[in-house]
Amino acid sequence: MPTLNESQGNLIPDHPTDVDFQQCANALRSGKKGDMQRALVLVRNMNASDSIALLEIALESGNEFIRATATVMLGQVPCDSLSKEHQTCLNRLITLVQNDSDYGVRSAAAAGLGYLGDTSALETLVRIYHEDVEWQVQFSALVALGDLRDSRAIPTLVSALSSSNAILVQGAVGALGDIADKSVLETLLTMSERIPEDVLTTQRLAVALGAISMELEGEVRLRSIAALKRLFQHPHQLVKEAAFEALLSLGEMDIL
């Protein structure tokens with residue numbers, strides 16, 4: 001079993017092969033960022049209950065990066081959606097996104113809820129988007145709403161399209177594309193007529209139109225294809241590539 005790496009002073013070696021729970025716990029309490037990071041990597045290979053216990057230790061750290069990393073990982077603990085471990089992660093993430101004083105941790109908690117994929121978190125994420133004063137947290141909440149793939153999030157996402165913060169608009173467009181509900185097609189087509197100044201928003205608009213158009217037929221599908229062809233003429237390569245991929249997925253092979 002690996003012990004203290006005397007040459008580097010590490011509690012966990014750079015390439016561990018057999019590290020147990022207690023060694024990870026000790027590393028996470030050490031205050032040494034390198035050891036703490038290595039321990040968090042090892043947590044991913046542990047069972048759900050041990051992972052949660054170690055992530056809770058990491059959350060006691062005074063290092064904001066370690067705490068944020070551990071928070072996101074709570075949403076990635078491998079467990080069945082009906083298990084007590086899943087409910088533990090859900091409750092902890094909701095508490096963190098609502099109450100933690102560090103906006104980085106709140107942002108990570110919102111992202112974690114998206115990874116967890118439990119639609120019971122939808123109302124919390126909607127409230128966080130409207131009430132948190134930090135745009136990073138709001139952005140993570142919008143992305144997480146897309147990850148939940150729940151159409152109940154659409155009113156909030158559509159309202160976010162009017163934000164003065166281009167990054168929030170970007171997050172909302174991407175989330176609408178993830179949900180891919182045809183009820184928002186007209187909104188996105190209107191948006192494509194006044195192409196956003198932000199390149200990443202326009203890229204995500206192309207992706208969203210492509211995703212939604214997969215389920216369309218007739219005239220409305222043709223309108224969406226026409227919008228994608230306009231986006232394909234965009235001067236930025238990121239937008240052109242996104243529109244190109246969307247058109248190919250729709251069977252439009254004559255775009256070049």
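1. The model is predicted: local features require pLDDT of at least 70 and side-chain atom pairs count only at pLDDT 80 or more, while totals for chains, interfaces and linings use all residues. Residues are numbered from 1 along each chain as its sequence is written, and side-chain values use heavy atoms, with hydrogens and water left out.

2. The protein contains 14 helices and 0 strands (DSSP runs numbered from the N terminus, with helices being H or I of at least four residues and strands E of at least two). Its C-alpha atoms fill a box of roughly 65 × 40 × 35 Å along the principal axes.

3. Of the 256 residues, 50% count as buried (under 20% relative accessible area, with a 1.4 Å probe and protein chains only).

4. Among contacts (heavy atoms within 4.5 Å) between residues at least 6 apart in sequence, 57% join residues at least 24 apart.

5. Helix 3 (residues 48–59) and helix 5 (residues 84–99) pack at about 20°, their axes lying 10 Å apart; axes are lines fitted to C-alpha atoms over the stretch in contact, and angles run from 0 to 180 degrees between N-to-C directions. The two helices are therefore roughly parallel to each other, a term that covers angles under 35 degrees.

6. On the helix 3 side, Ala-48, Ser-49, Ile-52, Glu-56 and Leu-59 meet Glu-85, Thr-88, Cys-89, Arg-92 and Leu-96 of helix 5. By class, this contact has 5 nonpolar, 2 polar and 3 charged residues (Ala, Val, Leu, Ile, Met, Phe, Trp, Tyr, Cys and Pro count as nonpolar, Asp, Glu, Lys and Arg as charged, and the others, Gly among them, as polar).

Notes. Parallel < 35°, antiparallel > 145°, perpendicular 65-115°, else oblique.
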